[in-house]
Amino acid sequence: MTTEAKTVLKLAKVQDAHLKDKNVLVRVDYNVPLKDGVITDDTRIRETMKTVKLLLEGDNRVVLMAHLGRPKGQPVEKYSLKPVAARLGELSGAEVHFAPDCVGPEADRVVAAAKKGEIVLLENLRFHAGEEKNDENFAKQLAKHGEFFVQEAFGALHRAHASTAAIAKFLPGAIGFLVQKELEYLDHAMVSPVRPFLAIIGGAKVSDKISVLYSLIEKVDTLIIGGGMAYTFLAAQNTNIGNSLLDADKVEEAKKIILKAHRNNVELLLPADHRVVSEIKADAEVEVTQAMAVPDGMIGVDIGPRTEMLFADKIKGSKTVFWNGPVGIFETPAFASGSITVAEAMAAATRAGATTILGGGDTLSVLKTAKVSPDSISHCSTGGGASLEFVEGKQLPGLVALSQK
Ligand code: AMP
């Protein structure tokens, strides 16, 4: 069993706390995408509704705290959580009061004025430097708003911040339904996956994913590496990559990963052909390579059609699939084919009874591009960074803080 699995078992659950007529302080992850003040994807808000509604039914006053963007310890208008308050009202059907600060007299006043069965949304925690410093005094001020703390911010669990870590020193706490669901899916995949177990890791930055690759090699039957990352691995095998993305500092590390996969009897699949361009631009002329090598002067921007078929077959033949990171520069429609095929194969695998898990903002955007509904995937994680750190086997500070109580 993983370390996290042991931690999970020791964590109290919100439904077991039987909270009634209390002030309940809930850390949520409402770091939603906004365009001109309008929320473009409210998944993270919707995903917290089960916990929020349970607390409202118990006649509690629900005080929600969250962060948005990176305002770096001071108020920045464009990072205000105000637009979230309106959406919260629509989704919960409850009265929502917005506190223009998360601590201090104004916040205290708004919380005190809220009635049973109502919600208070506190302004962005990161408007105060104490949040990211995991400052105990700041956490103490936040803790004044509640008699009980619920951790529901899966996407922030890997951060040791005042509202995720230090806060647990001042209040009894439990994890909410969303955190439970996220941990159950990831834990199940990492501890007792139904085999064959396949992981697909894509994206651009090798350095971000080294430890997760090492961890996956201990668990999976097949590991697919795609996207910009794949070229560092191809270079490590002395395959020509032309002008494709290369993390020269990580070639040696890539060699070690390839060797370790071999030793562990893990099937490691890299792209067998590519879509290449001479220049990255939307209307570039796209060519398909005949083999694994990228011709001199060309840039690999997507996996090729043969690789698409290979990867799709692997996905459809697996019983557990974990996917993080696009396999091409999917933001450009001409380079999105490979990532769309992966998304469609994930949905097909789910229909055929596999457990499919994906994480990361880019990976979720691929679903949108592919017009694949998140409902056709077993579990779309709301936290890319947190899910990767979980898979790496790291202790998540937001859970450790609660389990020590
Ligand atoms: P990451 O943040 O490391 O998960 O990387 C996500 C980014 O990887 C996306 O913005 C993709 O456009 C990019 N990406 C995927 N494939 C490639 C590629 N072949 N070359 C360069 N970037 C890529």
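Asn238 is exposed, with a relative accessible area of 70% (exposed means over 50%, buried under 20% and partly exposed in between, using a 1.4 Å probe and protein chains only). Asn238 also has a positive phi of about 65 degrees, although it is not a glycine. Bear in mind that this is a predicted model: local features need pLDDT of at least 70, side-chain atom pairs count only at pLDDT 80 or more, and totals for chains, interfaces and linings use all residues. Residues are numbered from 1 along each chain as its sequence is written, and side-chain values use heavy atoms, with hydrogens and water left out.

- Most residues other than glycine have a negative phi, and most peptide bonds are trans.
- Asn238 lies in the loop between α10 (229-236) and α11 (251-263); helices (H or I, at least four residues) and strands (E, at least two) are DSSP runs, numbered from the N terminus.
- Lys72 is another non-glycine with a positive phi, about 60 degrees, and its place is the loop between β4 (61-65) and α4 (82-92).
- Like Asn238, which has a relative accessible area of 70%, Lys72 is exposed, with a relative accessible area of 70%.
- The peptide bond joining Arg195 and Pro196 is cis, with omega about 0 degrees.
- Pro196 sits in the loop between α8 (177-191) and β9 (197-201).

- α8 has 15 residues, so at 1.5 Å a residue it should span 21 Å, and its end C-alpha atoms are 20 Å apart, which agrees (the expected span is 1.5 Å times one less than the number of residues).
- Helix α13 (residues 337-351) reaches 21 Å from its first C-alpha to its last, close to the 21 Å expected for its 15 residues.
- α13 is mostly covered, with 11 of its 15 residues buried; among them are Gly338, Val342, Met346 and Thr350.
- Just after α13, Gly353 takes a positive phi of about 105 degrees.

**Strands around β6**

- Strand β6 (residues 119-122) is covered on both faces: Ile119 and Leu121 are buried on one side, Val120 and Leu122 on the other.
- β4 and β6 run parallel and are joined by 3 bridges, with Val62 opposite Ile119; two strands pair if DSSP finds at least two bridges between them.
- Strand β5 (residues 96-99) also pairs with β6 in the parallel sense, over 4 bridges, and His97 has Val120 as its bridge partner.
- β5, helix α5 (residues 105-113) and β6 make a right-handed β-α-β unit (right-handed if, with the strands pointing away from the viewer, the path from the first strand over the helix to the second runs clockwise).

**The open sheet**

- An open sheet of 6 strands runs in the order β11-β10-β9-β15-β16-β17, with parallel pairing.
- Its edge strands are β11 (267-269) and β17 (379-380), each pairing on one side only.
- Inside that order, β9 and strand β10 (residues 222-225) run parallel and are joined by 4 bridges, with Leu198 opposite Thr222.

**Ring contacts**

- The charged end of Lys50 sits over the ring of Phe177, 4.4 Å from its centre (the test is NZ of Lys or CZ of Arg within 6 Å of the ring centre and within 35 degrees of the ring normal).
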